[in-house]
Protein chains: 2
Amino acid sequence: MATELPFKRGAIELLILKTLSWGPMHGYAIAKWIEDTTDDALSVEEGSLYPALHRLENKGLIEPSWGVSENNRQAKFYSLTADGRRALRAETESWALYSAAISKVVNATKQPA
Amino acid sequence: MATELPFKRGAIELLILKTLSWGPMHGYAIAKWIEDTTDDALSVEEGSLYPALHRLENKGLIEPSWGVSENNRQAKFYSLTADGRRALRAETESWALYSAAISKVVNATKQPA
DNA sequence: AAAGACCCCTTGCAAATCTAGGTATCAACG
DNA sequence: CGTTGATACCTAGATTTGCAAGGGGTCTTT
């Protein structure tokens with residue numbers, strides 16, 4: 001009974017890039033891995049997944065190539081491009097700053113000036 | 001020169017609720033306080049701020065009343081309602097779960113199964 | 001033969017942030 | 001006294017993006 005946590009802006013793309021940093025993977029497996037890794041706290045809907053993959057491809061951050069999945073089905077394997085690796089670093093850093101900033105407010109204990 | 005960190009979905013509302021937990025405050029001051037507290041890592045645009053305030057008001061989470069600001073100007077002071085306090089608790093918890101889940105993926109070091 | 005998991009996709013809605021404008025008041029400065 | 005800058009509020013429109021709800025097809029298991 002996972003608490004359904006809707007994705008915020010841009011989060012899916014970051015997670016996809018991170019997932020692909022392990023090596024080429026197809027969309028369905030990417031979604032599964034994210035769900036597994038977060039103990040189903042986050043669920044990656046296909047209606048969010050595939051558009052996100054296409055956006056990343058259009059931006060030149062990932063590259064597709066057809067292959068055969070571990071279950072013997074046709075599948076599109078995506079791999080990170082050099083730009084994709086750069087974007088992953090940038091967005092990871094950005095996420096760290098962002099979540100730190102939010103936490104700073106949420107955990108504030110002092111009155112405003 | 002703060003790194004511009006665009007807000008994700010729903011984040012502004014959480015920060016506004018948190019800010020108002022200190023007591024009634026007007027919109028302009030809320031924005032300033034958030035920017036100060038985060039050392040300008042987050043900047044609260046007025047085009048995001050006021051619609052967010054109106055949304056919160058429509059949901060019954062905050063309540064406005066006109067008064068005079070510390071700079072001797074007419075200002076709309078918002079205060080948390082009981083529902084607003086509940087929402088603050090709920091969204092704080094939700095943010096903690098969400099950011100933990102994202103971090104779990106972003107900081108993962110092991111290969112997927 | 002049927003069911004269910006696997007794997008891809010698109011359309012269209014809804015929500016929310018930001019850009020770019022606008023109005024008005026007050027204090028301070030030249 | 002006129003102008004500038006900070007204060008304080010607002011909205012319209014563009015853009016983005018997550019998601020619900022559909023669709024298609026393949027492979028395995030029962």
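How close do the axes of H1(B) and H3(B) come, and at what angle do they cross? The two axes come within 10 Å and cross at roughly 70°. Axes here are lines fitted to C-alpha atoms, for helices over the stretch in contact, and angles run from 0 to 180 degrees between N-to-C directions. H1(B) and H3(B) are therefore roughly perpendicular to each other (under 35 degrees counts as roughly parallel, over 145 as roughly antiparallel, 65 to 115 as roughly perpendicular and the rest as oblique). On the H1(B) side, Ile12(B), Glu13(B) and Ile16(B) take part; they meet Ser48(B), Ala52(B), Leu53(B), Arg55(B) and Leu56(B) of H3(B). Two residues are in contact if their C-beta atoms, placed from the backbone, lie within 7 Å. This contact holds 5 nonpolar, 1 polar and 2 charged residues (Ala, Val, Leu, Ile, Met, Phe, Trp, Tyr, Cys and Pro count as nonpolar, Asp, Glu, Lys and Arg as charged, and the others, Gly among them, as polar).

The model is predicted: local features need pLDDT of at least 70 and side-chain atom pairs count only at pLDDT 80 or more, while totals for chains, interfaces and linings use all residues. Residues are numbered from 1 along each chain as its sequence is written, and chains are lettered from A and ligands numbered from 1 in the order in which they are written.

Chain A has 4 helices and 3 strands. These are DSSP runs numbered from the N terminus: helices (H or I) of at least four residues, strands (E) of at least two. Their order from the N terminus is α-β-α-α-β-β-α. Of the 113 residues in chain A, 32% are buried (20 or more other C-beta atoms within 10 Å of the residue's own; exposed means 12 or fewer, partly exposed in between; C-beta atoms are placed from the backbone).

Helix H4 of chain A covers residues 82–106. At 1.5 Å a residue, its 25 residues should span 36 Å, and its end C-alpha atoms are 36 Å apart, which agrees. The expected span is 1.5 Å times one less than the number of residues. Buried residues of H4(A) include Trp95(A), Tyr98(A) and Ile102(A). Their cover includes H1, E2 and E3 of chain A, together with H1 and H4 of chain B.

The contact between the chains takes 30 residues from chain A and 30 residues from chain B. H4(A) gives the most to the chain A side, with 11 residues. That side divides into 18 nonpolar, 8 polar and 4 charged residues.

Around DNA strand C lie 31 residues (near means a C-beta atom, placed from the backbone, within 6 Å). His26(A), Gly27(A), Ser69(A), Gly47(B) and Ser48(B) come nearest. This surface has 12 nonpolar, 10 polar and 9 charged residues.
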